[in-house]
Amino acid sequence: MNRQNSPGPAFLETLEQVNGGRSWLANLGAFVCVLVMLGAANLICQYGLHIDLSYVLRILIAGVAAYFFLPLFILWLWRGR
């Protein structure tokens, strides 16, 4: 895609590609699904493998929240939609 003819900064186009056109509710639903999967993985590791992953889980949750909500928030602030 030719970025010289696109309106606005190039990083907004990248953020739109990362967001994939998802709405706020779609991002929230996907975030909740990923949280459930991380919780299930933590339970399997804790009771099946006897490994404590609570220190990694906080970092993963913060990263997933940033992936789902930061691009949407920046696009909302910049473009108002």
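Student: Where in the chain is Ser-23 found?

Tutor: Ser-23 lies in the loop between α1 (10–19) and α2 (24–48); helices here are DSSP runs of H or I of at least four residues, strands are E runs of at least two, and both are numbered from the N terminus. This is a predicted model, in which local features need pLDDT of at least 70 and side-chain atom pairs count only at pLDDT 80 or more, while totals for chains, interfaces and linings use all residues. Residues are numbered from 1 along each chain as its sequence is written, and side-chain values use heavy atoms, with hydrogens and water left out.

Student: Is Ser-23 buried, exposed or partly exposed?

Tutor: Buried means under 20% relative accessible area, exposed over 50%, and partly exposed in between, with a 1.4 Å probe and protein chains only. Ser-23 has 42% relative accessibility and therefore counts as partly exposed. Its C-alpha atom is separated by 8.0 Å from that of Leu-72, 49 residues apart along the chain.

Student: At what angle do α1 and α3 pack?

Tutor: Two packed helices are described by the angle between their axes and the distance between the axes. The axes are lines fitted to C-alpha atoms, for helices over the stretch in contact, and angles run from 0 to 180 degrees between N-to-C directions. For α1 and helix α3 (residues 54–79), the angle is about 135° and the axes are 9 Å apart. This makes α1 oblique to α3, given that angles under 35 degrees count as roughly parallel, over 145 as roughly antiparallel, 65 to 115 as roughly perpendicular and the rest as oblique.

Student: Which residues of α1 and α3 make the contact?

Tutor: On α1 they are Phe-11, Leu-12, Leu-15, Glu-16, Val-18 and Asn-19; on α3 they are Tyr-67, Pro-71, Leu-72, Ile-74, Leu-75, Trp-78 and Arg-79. By class, this contact has ten nonpolar, one polar and two charged residues. Ala, Val, Leu, Ile, Met, Phe, Trp, Tyr, Cys and Pro count as nonpolar, Asp, Glu, Lys and Arg as charged, and the others, Gly among them, as polar.

Student: How do α2 and α3 run relative to each other, roughly parallel or roughly antiparallel?

Tutor: Their axes come within 10 Å and cross at roughly 170°, and α2 and α3 are therefore roughly antiparallel to each other. Members of α2 in this contact include Trp-24, Phe-31, Leu-38 and Asn-42, and among those they meet in α3 are Leu-57, Ile-61, Phe-68 and Leu-72. The residues divide into 15 nonpolar, two polar and no charged.

Student: What does Asn-27 touch beyond its neighbours within four places in sequence?

Tutor: Asn-27, in helix α2, is in contact with Asn-19, Arg-22, Phe-68, Phe-69 and Leu-72. Asn-27 counts as buried because its relative accessibility is 0%. Asn-42, also placed in α2, is buried with a relative accessible area of 14%; leaving aside residues up to four places away in sequence, Asn-42 touches Leu-53 and Leu-57.

Student: What is the phi of His-50?

Tutor: Most residues other than glycine have a negative phi. His-50, in the loop between α2 and α3, has a positive phi of about 60° although it is not a glycine. At 68% relative accessibility, His-50 counts as exposed.

Conventions: Contact = heavy atoms within 4.5 Å.
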